[in-house]
Amino acid sequence: MKAWLLEQSEGRPQFTDWQRADFKEFSLRNPKVKYKLSPLELKRTTLQNNFYRVFLMKIERETGNLADDVHEWAKRKFLEPRWIKIKEDEYKIPGSTTKLSKLDFGEYMDKISAETEISIPNPEEAGFYTK
């Protein structure tokens with residue numbers, strides 16, 4: 001599969017000059033291939049989630065609140081709730097971090113840090129950065 005990551009401008013994806021040339025060459029070489037342009041969602045990664053758990057453990061050590069409790073508090077404080085329906089009953093439940101993009105997940109961690117006044121760990125010192 002061939003993919004191009006496009007910048008957004010005025011709500012529309014925009015090719016750079018080299019992407020336009022590459023796309024043109026690709027489409028000429030593959031005339032029978034159908035394609036669809038759509039926004040690329042960059043969901044948060046497992047590595048990013050693991051780093052978040054390290055951050056939650058730091059908050060647990062500094063506040064005495066369990067990491068899972070901090071996670072539940074943060075979801076309720078910073079994420080939009082969602083509704084589920086079971087039979088005829090509807091229930092409001094906290095949003096999920098699994099739906100966040102990489103950028104949104106980073107901003108979510110920044111909000112937690114600001115609210116708790118506990119800094120996000122240094123990724124390199126936490127073992128999450130490799131050269």
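These notes walk through the fold, the helix packing, the aromatic cluster and a few loop residues of the structure above.

1. **Ground rules.** This is a predicted model, in which local features need pLDDT of at least 70 and side-chain atom pairs count only at pLDDT 80 or more, while totals for chains, interfaces and linings use all residues. Residues are numbered from 1 along each chain as its sequence is written, and side-chain values use heavy atoms, with hydrogens and water left out.

2. **Overall layout.** The protein has four helices and four strands, and along the sequence they follow the pattern β-β-α-α-α-β-β-α. Helices (H or I, at least four residues) and strands (E, at least two) are DSSP runs, numbered from the N terminus. Of the 131 residues, 27% count as buried; buried means under 20% relative accessible area, exposed over 50% and partly exposed in between, with a 1.4 Å probe and protein chains only. A contact means heavy atoms within 4.5 Å.

3. **Helices α2 and α4.** Two packed helices are described by the angle between their axes and the distance between the axes. For α2 and α4 the angle is about 5 degrees and the axes are 11 Å apart. The pair is therefore roughly parallel, a label for angles under 35 degrees; over 145 counts as roughly antiparallel, 65 to 115 as roughly perpendicular and the rest as oblique. The axes are lines fitted to C-alpha atoms, for helices over the stretch in contact, and angles run from 0 to 180 degrees between N-to-C directions. On the α2 side, the contact includes Gln48, Asn49, Phe51, Tyr52, Phe55 and Ile59. The α4 side brings Lys102, Phe105, Gly106, Tyr108, Met109, Ile112, Ser113 and Thr116.

4. **Aromatic pairs.** A search of the whole structure finds five aromatic pairs. Rings of Phe, Tyr and Trp (its six-membered ring) pair if their centres lie within 6.5 Å; planes under 30 degrees apart count as stacked, over 60 as edge-to-face and the rest as tilted. One of the pairs is Tyr52 with Phe105, whose ring centres are 5.2 Å apart and whose planes meet at 70 degrees, so the pair is edge-to-face. Tyr52 belongs to α2 (residues 46–63) and Phe105 to α4, so the pair ties together parts that are 53 residues apart in sequence. Tyr52 is buried at 0% relative accessibility, and Phe105 is buried with a relative accessible area of 0%.

5. Phe78 sits in α3 (residues 67–78) and Tyr108 in α4, so the pair ties together parts 30 residues apart in sequence. Phe78 and Tyr108 are both buried. Ring pairs link Tyr52, Trp73, Phe78, Phe105 and Tyr108 into a cluster.

6. **A charge over a ring.** The charged end of Arg44 sits over the ring of Phe105, 5.4 Å from its centre. The criterion is NZ of Lys or CZ of Arg within 6 Å of the ring centre and within 35 degrees of the ring normal.

7. Strands β3 (residues 82–86) and β4 (residues 89–93) run antiparallel and are joined by five bridges; two strands pair if DSSP finds at least two bridges between them. Ile86 stands opposite Asp89 in β4. Two residues lie between the strands of this hairpin.

8. **Positive phi values.** Lys87, in the loop between β3 and β4, has a positive phi of about 55 degrees although it is not a glycine. Lys87 is exposed, with a relative accessible area of 76%. Glu117, in the segment after α4 (102–116), is another residue other than glycine with a positive phi, near 60 degrees. Glu117 is exposed too, at 74% relative accessible area.

9. **The β4–α4 loop.** Gly95 lies in this loop and is buried at 5% relative accessibility. The C-alpha atoms of Gly95 and Arg82 are separated by 5.7 Å, though the residues are 13 apart along the chain. Leaving aside neighbours within four places in sequence, Gly95 is in contact with Lys75, Leu79, Glu80, Pro81 and Arg82. Thr97 is found in the loop between β4 and α4 and is buried at 5% relative accessibility. Not counting residues up to four places away, Thr97 touches Arg44, His71, Lys75, Leu79, Phe105 and Tyr108.
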